[in-house]
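Please look over the sequence and the structure below. A short briefing on selected features goes with them.

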Amino acid sequence: MMWTHCVFQLIGPIYSNPEIYFLSNFLHHSEQPAPKKMESDINTGPMRVLVTGGSGLVGKAIEHVVLQEGGKLEGEEWIFLSTKDADLLDVGQTRAVFEKYRPTHVIHLAAKVGGLFLHMKENMHFLRDNLRINDNVLQTAHEMGVTKVLSCLSSCIFPDKTTYPIDETMIHNGQPHDSNFGYSYAKRMIDVQNRAYFQQFGRRYTAIIPTNVFGPYDNFNIENGHVLSALMNKTYKAKTEGTPVTVCGTGAPRRQFIYSLDLGRLIVWVLREYEEIAPIILSVNEEDEVSIKEAVEMIADALDFKGKIQFDTTLPDGQMKKTASNAKLRRYLPNFTFTPLQEAIKKTCDWFVANYDTART
Ligand SMILES: NC(=O)c1ccc[n+]([C@@H]2O[C@H](COP(=O)([O-])OP(=O)(O)OC[C@H]3O[C@@H](n4cnc5c(N)ncnc54)[C@H](OP(=O)(O)O)[C@@H]3O)[C@@H](O)[C@H]2O)c1
């Protein structure tokens with residue numbers, strides 16, 4: 001589906017007066033009067049969008065939506081950054097790249113991310129690096145009059161002990177899981193900064209909360225990759241070596257997976273249309289949550305793997321579920337159609353096999 005077609009069909013009737021919706025929501029949250037927007041910063045021409053982390057899984061998906069699916073509108077400029085353009089840990093390099101491109105809008109995806117083991121070992125690095133990257137990007141955007149910044153949180157930053165489904169109001173309601181508290185608190189601070197930039201300066205900086213993302217350009221590393229992409233790599237290896245696939249744990253935990261291209265389409269919608277400062281969860285429906293066992297069977301199907309799938313139940317399962325509510329998203333976009341999981345897994349497996357030599361493994 002063309003992006004433009006898809007988005008115009010999807011905007012729900014509740015969005016008839018976004019300003020009132022946005023302000024009432026914010027005021028309810030903070031009980032502070034909304035400050036006036038700075039006249040000098042109101043951007044009326046076509047957007048110039050800077051995407052930090054533009055070379056990663058999510059950045060590449062946005063690039064596809066923008067350049068291949070008609071997501072880019074006439075006169076717009078989209079710039080996709082990687083560490084080669086600027087190390088955003090460094091405030092001088094951050095300012096220089098903002099000076100160079102003078103963006104009107106920023107999609108901030110860049111982050112220090114890693115597998116479970118690295119998170120557990122290096123909570124301090126994940127905390128400090130992400131705090132620095134986020135502060136450099138948000139403060140530079142503010143100083144240079146960027147109209148809107150959309151930053152990326154993650155559903156793994158929610159409190160460890162919680163009720164389900166989790167929703168956007170629950171981010172700060174308790175401690176995150178011990179394994180990745182450094183990354184989680186740094187990400188939570190983005191929401192705090194967004195509220196403060198709005199309260200003090202009227203900035204419309206917001207955040208999205210995706211669930212488990214997968215797709216082309218993912219990290220397929222078996223030890224450090226995300227669960228689906230690591231399983232794809234494992235299954236492909238097992239197929240070529242004629243061995244069984246061994247899945248860690250019982251296969252019972254359930255997860256909501258979002259295809260990176262669906263996320264890319266939703267991010268472009270958020271950038272153009274979503275006016276709240278409060279974050280929004282971008283996820284498939286609760287009933288679309290699947291078990292790891294179901295997911296690995298879909299991967300086996302997609303890769304035409306006929307061997308045995310076994311479960312190493314001596315290994316931990318992790319959290320049994322992390323169900324997130326997409327009710328807020330559905331209020332805005334009741335008709336958004338997510339790519340069926342089996343189809344998205346097939347597309348990702350096909351991409352992985354075709355790009356095996358260059359993929360992150
Ligand atoms: N993947 C998921 O399941 C998931 C779920 C929820 C939220 N998120 C969030 O979504 C965002 C994007 O994730 P992703 O999966 O696309 O990550 P990714 O594939 O690992 O990409 C990370 C991106 O950040 C850039 N980067 C890292 N450190 C940087 C630095 N110091 N300076 C400049 N750029 C830097 C990388 O550049 P290089 O390519 O040059 O290294 C890369 O473009 C992150 O904020 C992540 O926390 C991801």
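The model is predicted. There are 15 aromatic pairs by the rule used here.

**Aromatic pairs**
- Tyr217 and Trp351 form a tilted pair, with 4.8 Å centre to centre and 50° between the planes.
- This pair links distant parts of the chain, 134 residues apart: Tyr217 lies in the loop between β6 (212-214) and α8 (227-241), and Trp351 in helix α12 (residues 341-354).
- Tyr217 is partly exposed at 37% relative accessibility, whereas Trp351 is buried at 17%.
- Tyr236 and Tyr356 also pair: their planes stand at 50°, so the pair is tilted, and the centres are 5.4 Å apart.
- Here 120 residues separate Tyr236, in helix α8, from Tyr356, in the segment after α12.
- Tyr236 is buried at 19% relative accessible area; Tyr356 is partly exposed at 27%.
- Ring pairs join Tyr217, Phe220, Tyr236, Trp351, Phe352 and Tyr356 into a cluster.

**Charges over rings**
- Lys60 places its charged end over the ring of Tyr217, 5.3 Å from the ring centre.

**Helix α6**
- Helix α6 (residues 123-143) has 21 residues and should span 30 Å at 1.5 Å a residue; its end C-alpha atoms are 30 Å apart, which agrees.
- Its buried residues include Phe126, Ile133, Val137 and Leu138.
- Gly145 follows α6 and has a positive phi, near 70°.

**Ser260**
- Ser260 lies in helix α9 (residues 260-273) and is buried, at 2% relative accessibility.
- Beyond its neighbours within four places in sequence, Ser260 contacts Leu57, Ala61, Val213, Phe214, Gly215 and Pro216.

Notes. Residues are numbered from 1 along each chain as its sequence is written. This is a predicted model: local features need pLDDT of at least 70, side-chain atom pairs count only at pLDDT 80 or more; totals for chains, interfaces and linings use all residues. Side-chain values use heavy atoms; hydrogens and water are left out. Helices (H or I, at least four residues) and strands (E, at least two) are DSSP runs, numbered from the N terminus. The expected span of a helix is 1.5 Å times one less than its number of residues. Buried means under 20% relative accessible area, exposed over 50%, partly exposed in between (1.4 Å probe, protein chains only). Contact means heavy atoms within 4.5 Å. Rings of Phe, Tyr and Trp (its six-membered ring) pair if their centres lie within 6.5 Å; planes under 30 degrees apart count as stacked, over 60 as edge-to-face and the rest as tilted. A charge sits over a ring if NZ of Lys or CZ of Arg is within 6 Å of the ring centre and within 35 degrees of the ring normal.
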